[in-house]
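Please keep the sequence and the three-dimensional view at hand while reading.

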Amino acid sequence: MKFTRARGVGLLGIFIAIVLIFAVNNSLGNKITEKSKIQSIWDFTSTIRIPDSANMKVDPKAPPVAAIELPTMITISLICGALVIAGGTLIAKNPERGWVAPYMSSVIALGFFSILLWAVANNSVDLSDTLSRVVRLGTPIAIGALAGIVCERSGVVNIGIEGMMLTAACFGYAAAAISARAIYGDALPESAVRGVVWMPLIIGILGAIVTGGMMAALHAWLSIRFKVDQVISGTVINIMAVGITGFTRTNFLLKFESPLRTGLPQMPLGPLADIPLLGPILFDHKPITYLMILMVFGLNFFLFRTVWGLRTRAIGEHPKAADTVGINVNRMRYRNVIIGGMIAGVAGAWFSLEGSFGFDDGMTSGQGFISLAAMIFGKWNPIGAFGGSLLFSSADALQLKVQAYSFDLPSQFMQMLPYVVTLIVLAGVIGRARPPAASGKVYEK
Amino acid sequence: MANEQQAPAETKKPAEAKPTKRSLPWLSEAIVPLLAILTAVLIGAVIVFISIPSNKLPAFDLSLYGSRSDWFFSTLPERLRVTLSAFTGLFSGAFGDWSKPSTIPGAISNTLVESTPYILAGLAVAVTFKAGLFNVGAEGQLLMGALGSVAVAAFMPQWFGVASIPAIIHLPAALLAGVLAGAMWGIIPGYLRAKTGAHEVITTIMLNYIALQIMDYLINGVMKDKSATLQRTPFIHENAALPRIISKATDPSLTGGQAYPRLFTTTSSTWDLRIHMGIIIAFVMVGFIWWLMNRTPKGFEIKTVGENPEAARYAGMNITGTVVGAMGISGALAGLAGTSQVVGLEYNLKAVFSSGLGFDSLAIALLAKSNPIAIVPAALFWGALRTGAGAMQINTGISINLINIIQALVIMFIAADQIVRWIYRIKQAEGGKITFNRSWGK
């Protein structure tokens with residue numbers, strides 16, 4: 001029997017399922033006490049609540065739309081059993097293509113679901129809140145992945161997305177803080193103290209976009225004009241971002257007092273946000289999250305339905321042919337890398353203006369690299385990359401969610417989950433992924 | 001190294017051989033890196049000049065100066081003075097204040113101590129550059145090395161239920177544990193790269209974050225010193241410590257009762273130096289890697305795989321083995337860097353251990369053009385820069401992050417040497433351009 005990727009992934013899935021079942025068994029066994037009146041591990045139930053979003057605003061204690069009680073141990077056993085059977089099938093059949101990514105996604109998704117059930121054994125969890133976190137935390141990863149797609153589809157590897165995001169986060173926040181002070185002076189006007197002042201926040205987002213574009217221009221200049229290896233050029237961007245933002249933060253931002261206190265506000269979309277389950281997940285977010293969803297579908301349209309998209313794909317796959325029909329390859333690459341940087345700038349704005357308000361050193365914490373993994377997972381397709389982003393962000397959402405419960409796994413292991421998942425997915429999926437043919441190659445006439 | 005490869009070709013056509021290249025080959029190799037450093041430092045000076053913290057300058061006052069630009073221009077001499085003091089601060093931090101000779105040994109020893117992990121980690125990255133890999137994971141490999149060595153150095157007697165283990169066993173065991181832990185953290189991305197095509201830049205960065213969490217877990221868990229308020233491991237056993245070269249005897253009340261070894265003990269505080277045997281190990285490793293890369297078939301294989309994987313495959317070389325091996329050697333060297341910090345300098349492992357050493361070592365390897373011998377001056381330069389930066393921050397209030405900007409500029413100018421050549425009108429050398437295995441997939 002030959003060891004192939006499909007078999008490897010199947011084996012890994014079986015291993016994860018078996019470890020999970022033993023860990024849960026062990027952990028719940030330790031939780032049985034005299035007080036809780038629980039006799040055996042089969043008595044634990046995990047309750048999943050779907051709150052009534054419409055009535056919650058009037059009465060926070062409104063009864064949920066649904067409260068599903070799942071027997072913890074039985075559900076997890078069934079899930080793990082299914083994963084083992086599917087993994088066994090993968091090993092036995094050894095399919096050529098098409099089954100590795102779906103199996104891997106379901107191992108991760110169902111594994112996360114089991115960990116959630118495990119954490120809330122004898123407790124309850126709010127499902128709509130958990131899933132809405134997944135979308136929220138997936139926002140910067142998805143936007144970063146889009147930035148990567150624009151660059152790589154036109155043939156430039158962009159490993160500097162992390163740095164572009166970080167710089168954009170820093171200067172986006174600086175632009176918001178400084179413009180707020182320039183417009184309003186030391187204190188916000190009475191009318192704005194409770195509300196949101198839009199003007200500086202919009203200037204902040206624009207500042208972030210411009211910053212991202214400038215960093216990308218440097219990347220383009222180095223890798224197109226000077227033909228620097230694109231990985232090195234991206235690394236230059238990443239290191240420079242750490243220096244510039246750290247320098248700006250200690251020398252200016254820490255001393256600068258801005259009247260602005262809050263970032264972008266929550267914007268529920270009217271009655272849509274009141275739909276149970278779906279409302280909080282899709283229609284009750286902050287502005288950049290909506291923008292992300294628009295950008296995903298927008299880029300999908302532009303990339304596959306417009307002249308610009310066709311040309312972009314052409315110079316990424318076969319620049320020579322594109323040149324022959326009169327497309328200026330390098331000018332197009334310049335433009336697309338800068339557009340990509342501006343998109344990464346939006347992701348940067350998410351960190352300092354939406355996710356939290358303010359700037360910290362290294363606040364992007366590797367999300368730029370995770371978004372590259374999401375891009376590869378989605379095979380350089382915007383919608384696929386969006387799916388990949390949700391997969392990665394669910395690790396982060398799960399990690400934050402279980403902190404509220406007394407959970408057996410050490411928090412450090414939960415915190416390394418996004419990185420471990422990225423590692424596994426990259427190793428398992430990438431061989432099947434085919435990057436744009438000319439990606440990473442300098443174009444010379 | 002590029003010289004050696006070019007040298008035979010040049011001897012064959014003596015008529016056209018350039019005289020400058022023959023007389024001082026190392027100078028023509030070094031000129032671009034030196035100018036790159038110079039340019040980066042000059043840009044750093046401009047940044048300092050513009051962004052001097054306001055408490056070092058006369059405050060802006062609308063009644064005294066007509067506008068902000070008038071204020072900027074009337075403070076020019078003051079700005080120039082602060083900028084210069086930043087660089088004199090940088091120098092005296094790294095090499096001592098030459099008007100006070102007693103500060104010189106301490107400063108130079110600090111620079112050498114700072115350079116020790118840079119030499120080892122720079123070597124680590126250089127080996128992978130040779131194999132066409134871009135190892136951004138020196139940071140994580142270094143952390144794992146530090147963890148491995150501290151586990152053995154602090155806890156090994158406990159495992160065997162004895163009070164102490166002779167230094168002849170304990171010290172090598174601690175070093176070996178660090179090296180193996182680092183190598184393991186290098187082999188994982190190497191194997192993933194060779195077998196699945198997962199790009200080492202992303203996998204090594206993910207492993208850096210994972211290593212950080214593992215360290216956090218161990219330092220707060222099984223390896224925590226229960227008696228300490230700080231998050232740190234217990235002090236390592238004195239038999240597992242690398243001796244300092246010349247220093248005062250340790251004060252056991254500060255080191256948990258351990259008396260760490262010194263080659264020469266002194267009572268003078270001028271000669272109370274932190275320099276330890278780690279630097280000797282680093283120099284030995286430089287020689288070893290030079291020998292490995294230039295005098296052994298393994299080194300030849302690594303270089304061939306890096307320069308032309310297709311040719312290596314046709315020649316029947318084991319690509320997987322070479323990639324995994326190069327990453328393993330790299331991880332081992334980075335692990336040794338972490339180990340020497342633990343058993344030579346810190347004597348325990350704190351939650352804040354390494355600060356961006358991974359990226360620094362990338363810069364050093366690029367600066368040295370992956371030449372093992374050239375790693376030494378590059379690392380010494382970097383050590384001096386880092387040591388001096390601390391003093392600079394105290395003297396002028398300029399953030400230490402300036403060094404990170406200079407570092408990125410140095411990498412940029414080295415990688416895009418056309419910029420430097422264009423600025424200083426230097427002719428293009430043949431070859432010598434750095435490229436990596438580029439595609440994401442296999």
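The expected span of a helix is 1.5 Å times one less than its number of residues. Helices (DSSP runs of H or I, at least four residues) and strands (DSSP runs of E, at least two residues) are numbered from the N terminus. The structure is a predicted model, in which local features need pLDDT of at least 70 and side-chain atom pairs count only at pLDDT 80 or more, while totals for chains, interfaces and linings use all residues. Residues are numbered from 1 along each chain as its sequence is written, and chains are lettered from A and ligands numbered from 1 in the order in which they are written.

The rule for spans can be applied to α18(A). Its 13 residues should span 18 Å at 1.5 Å a residue, and this agrees with its end C-alpha atoms, which are 18 Å apart. Is this helix mostly covered or mostly uncovered? A residue is called buried if 20 or more other C-beta atoms lie within 10 Å of its own, exposed if 12 or fewer do, and partly exposed in between, with C-beta atoms placed from the backbone. By this rule α18(A) is mostly covered, since eleven of its 13 residues are buried. Among them are A:Leu417, A:Tyr419, A:Leu423 and A:Gly428.

A neighbour of this helix in chain A comes next. The axes of α15(A), residues 367–377, and α18(A), residues 417–429, come within 10 Å and cross at roughly 35 degrees. Here an axis is a line fitted to C-alpha atoms, for helices over the stretch in contact, and angles run from 0 to 180 degrees between N-to-C directions. The crossing of α15(A) past α18(A) is left-handed, a term used if the near helix is turned anticlockwise from the far one by less than a right angle (right-handed if clockwise). On the side of α15(A), the contact is made by A:Ile370, A:Ala373, A:Ile376 and A:Phe377; on the side of α18(A), by A:Pro418, A:Thr422, A:Val425, A:Leu426 and A:Val429. Two residues are in contact if their C-beta atoms, placed from the backbone, lie within 7 Å. Eight of the residues in this contact are nonpolar, one is polar and none is charged. In this classification Ala, Val, Leu, Ile, Met, Phe, Trp, Tyr, Cys and Pro count as nonpolar, Asp, Glu, Lys and Arg as charged, and the others, Gly among them, as polar.

The two chains also touch each other. Their contact takes 44 residues from chain A and 40 residues from chain B. In chain A, α9, α15, α17 and α18 each supply at least two residues of the side that touches chain B. Of these, α9(A) gives the most, with 14 residues. The side of chain A that touches chain B has 28 nonpolar, 13 polar and three charged residues.

Chain A also contains an open sheet of three strands in the order β2-β1-β3, with mixed pairing. Strands pair if DSSP finds at least two bridges between them. The edge strands, β2(A) and β3(A), each pair on one side only. The twist averages 25 degrees from one strand to the next. Between β1(A) and β2(A), which run antiparallel, there are six bridges, and A:Ile50 stands opposite A:Ala66 in β2(A). Helix α3(A) packs on the sheet, touching β1(A) and β2(A), and its direction makes about 75 degrees with that of β2(A).

Two loop residues of chain A deserve attention. Most residues other than glycine have a negative phi. However, A:Asn94, which is not a glycine, has a positive phi of about 45 degrees; A:Asn94 lies in the loop between α3(A) and α4(A). Likewise, A:Leu277 has a positive phi of about 60 degrees although it is not a glycine, and A:Leu277 is found in the loop between β4(A) and α10(A).

Chain B has 17 helices and two strands, and buried residues make up 49% of its 442 residues. One of its helices, α5(B), has 20 residues and reaches 28 Å, close to the 28 Å expected. After α5(B) comes B:Gly96, whose phi is positive, near 90 degrees. Further along, B:Ile236 lies in the loop between α9(B) and β1(B). Why is B:Ile236 classed as buried? It counts as buried because 29 other C-beta atoms lie within 10 Å. Not counting residues up to four places away in sequence, B:Ile236 touches several residues, including B:Val150, B:Ala241 and B:Tyr347.
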